[in-house]
Amino acid sequence: MKLLTHNLLSSHVRGVGPRGFPLRLQATEVRINPVEFNPDFVARMIPKVEWAALLEAADTVPKGPIEGYEHDEKFLRQMHHVLLEVDVLEGTLQCPESGRLFPISRGIPNMLLSDEETET
Amino acid sequence: MAAPGTVMDSNHQSSYKLSKTEKKFLRKQIKARHTLLRHEGIETVSCATRSLVVANGGLGNNVSRNQLLPMLEKCGLVDALLMPPNKPYAFVRYKTAEEAKKAYVTLNGKEIVDDLGQKIILYLNFVEKAQWKELGLQALPPGLMVVEEIISSEDEKILLESVNWTEDVDSRNVQKSLKHRRVKHFGYEFHYENNSVDKDKPLPGGLPDIWDSILEKWLKEGFIKHKPDQLTVNQYEPGHGIPAHIDTHSAFEEEIVSLSLGSEIVMDFKHPDGVTVPVMLPRRSLLVMTGESRYLWTHGITPRKFDTVQASKGHRSGIITSDVGDLTLSKRRIRTSFTFRKVRRTPCNCSYPLVCDSQMKETLPSFPESAREALQLEREYVHRVYEEIAEHFSSTRHTPWPRVVDFLKALPSGSLVADVGCGNGKYLGINKELYMVGCDRSQALVGICRERRLEALVGDALAVPLRGGSWDACISVAVTHHLATAERRVAALQELVRLLRPGGMALIYVWAMEQEYKKKKSKYLRENRPRQGEDEATHSHAAEPGRLAEQVPDAGDQDASRPGSAAPDGRAAGGGARKVTDAKLPVHTNRTSFRSQDILVPWHRKGNPGRDEPVRATGSRGPDPVFRRYYHVFCAGELEEACRTLSHVRLLQSYYDQGNWCVVLQKV
């Protein structure tokens, strides 16, 4: 699971609604996956990122998009690495509202809920 | 907090993957070995010899000599390459064992593309010599008997002339002209739509008088045990055939006999394990099917003008062996078959429940009446099935649909796209300019996405675990039709809308009830391999030859389908006011039109030979496992109507694409 994907995940436990985001990430096994750097692509991702959630999930992240980030290669490369190259293989995701834990196994988050937990 | 823990380099990862693949490959190779021994009498040896058997590299599974020989010659001097006709294997003998060894190392497990464009894997094993079981030693399917010269030439002439093919269409002994062959029914009319007879509506006149004395004679001489009350006369011109099928268990008693006049023919009997036995039915012979040959094996006639027969045996009955030196072609003539059956009045209680419509009826689910029942139905007949068939399913879902590709390619670079019900990730990697995340309920299928290095997670389409209002686009291809109530289907659509940012677009594809639209049949109806018995002419050229249509299960043999049940929706074709309570879901017959909106569609795991499965592997002696998936196929306008109930959304496009109803929505 890439950190960009984590940034887009939300819990659906009954009653949490928009408070099911962001999921608290606890990674026990991480791998770095080289991905071809495409500055335009990364630049377009930046406005879509929920920065607070990203800061919670990753260590070495700038506090926010800097002025003129679209042309700042250093910034873009850093974001590229964090969002697209860090791959969480094992760990857990925790719903901030209900505390429910979701497993990440072999890089795959399993967000399935039981019947009782499902929102109607 | 994410603190990069153990950083694993990709090497470690890939070596872990290899051992898993290696294990799988070994299993397949062993399966191939067993099958060859069991069905073909081919004994493989573990030490290197000059000769090898190449499983999956045979004429019988569309691998040509032109393709195989060069590959083999690259490994050494080829002494001989034997390719027995209709067999899914070949034998190669090299000048030295060293060269054979090289071939083994180089080609074992090699993936090639056959004449039909399908990917298959070759499995090589050493053999003492190139030899396979003479099919003469193999028995006919159990319960099968062919009685030769049961009718004299004089009587043959009289009987053939007695059939009036030009009778008035209004007359009760209705002559139907099917695409392939002419048919007439006596006693009871046989309905091809549901493979059964109407037991309460006998045709007046019964069986023609001319047969009375003949049937008495057959009874007396012990060729038949019961007096039949139904007769179907088929006239096959050269080039006509009949697809492989089992006569519906519940419609007829055990004994089925068929008289061949006018021409001999080769009829193919196929066991669910995949073994095919071609049987010669000489002119004026009586074919008697009982037991396994009647209940379990399918029988069919390949549509062609010549049959391959044994030269030495002349026109005598028996199995056509693959003695390559003894085969010759026999030109077909007009054959008229007279098939006598006795209508069954009680449910069938044979020993082959998995192919028995009477016995399968008890275990089939009913139309869901509540959300709870819907969930149960989906669990049992969607989720569980996909988990079981994931790998096989994925191997048949490789071609992305062009219009879905177009939709994805038209999206601006840097778009966030969610694929809800992503399956094996077919669409996730189509456009590299997008960030696509897949969500599917099947852990096994998501695992396959992951193997392909695609971002995917396990989640439910009714509670998509992605943040709302953030996605530039969503796609939902062949998903919504797996939900068992209208409310759940609408809820799934609403989820897609929730995900979209204002202005974002959703593309939705669902299977259509109408498989024939604007007079054109969908690929699902058309596409079929020639060996299934269809006319070669109906093969679509637009489709990759031999490839199965997307979105459909394998073209398994025709199921013993149940007579059409009540159509609770009332919208189904031909559905009138029928009793709805406790209505069992009908099982659909693959490659035919839908007769009801809520159905169970079979999936045969042991699909077609020639795929990367080794030569028809067998485990138990039983028929291949059939999985049934629940579908609610959509009528024209139904998807649009469902979308109209959604809030904050505008319908941009609505169209029909290869057997599917499709819409494009935009969030306002």
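Predicted model: local features only at pLDDT ≥ 70, side-chain atom pairs only at ≥ 80, totals over all residues.
On the side of α8(B), the contact is formed by B:Tyr386, B:Glu387, B:Ala390, B:Glu391, B:Phe393 and B:Ser394, while α10(B) contributes B:Gln443, B:Ala444, B:Leu445 and B:Ile448. By class, the residues of this contact comprise 6 nonpolar, 2 polar and 2 charged. The angle and the distance are given together because two packed helices are described by the angle between their axes and the distance between the axes.

Helix α10 of chain B also takes part in a link to chain A. B:Arg450 forms a salt bridge with A:Asp87, and the closest N and O atoms are 2.6 Å apart. A:Asp87 lies in strand β2 (residues 86-94) of chain A and B:Arg450 lies in helix α10 of chain B, so this pair joins two chains. A further salt bridge is the one in which the side chains of A:Glu50 and B:Arg467 meet, at 4.0 Å from N to O.

The interface may next be described by its area. Chain A and chain B bury about 3500 Å² between them, and 53% of this area is on carbon and sulfur atoms. Within chain A, the residues that lose the most area to chain B are A:Leu8, A:Arg31 and A:Ile108, which together account for 19% of what that side buries. The contact draws 40 residues from chain A and 43 residues from chain B.

The model holds 7 cavities of 30 Å³ or more, and the largest cavity contains about 580 Å³ of space. Its lining is made up of 34 residues, of which B:Gly421, B:Asp440, B:Ala478, B:Val479 and B:His482 are the closest to the centre. Two or more lining residues come from each of α8, β25 (416-420), β26 (435-440) and β33 (626-632) of chain B. Among the contributors, α8(B) gives the most, with 5 residues. The lining as a whole has 15 nonpolar, 9 polar and 10 charged residues.

In chain A, a cis peptide bond joins A:Phe21 and A:Pro22, with omega at about -5°. A:Pro22 is placed in the loop between α1 (3-8) and β1 (24-32) of chain A. In chain B, the residue B:Asn56 has a phi near 75°, which is a positive value in a residue other than glycine. B:Asn56 is situated in the loop between β3 (51-55) and α2 (65-73) of chain B.

Terms used
Residues numbered from 1 in each chain as written. Chains lettered and ligands numbered in written order. Heavy atoms only, no water. Contact = heavy atoms within 4.5 Å. Helix = DSSP H or I, 4+ residues; strand = E, 2+ residues; numbered from the N terminus. Nonpolar A, V, L, I, M, F, W, Y, C, P; charged D, E, K, R; others polar. 1 Å grid on protein atoms, 1.4 Å probe; cavity = no way out; pocket = protein on both sides within 12 Å on 5 of 7 lines; lining within 4 Å. Points joined across faces, edges and corners; volume = space filled by probe spheres on them. Buried area = accessible area lost by both parts, 1.4 Å probe.
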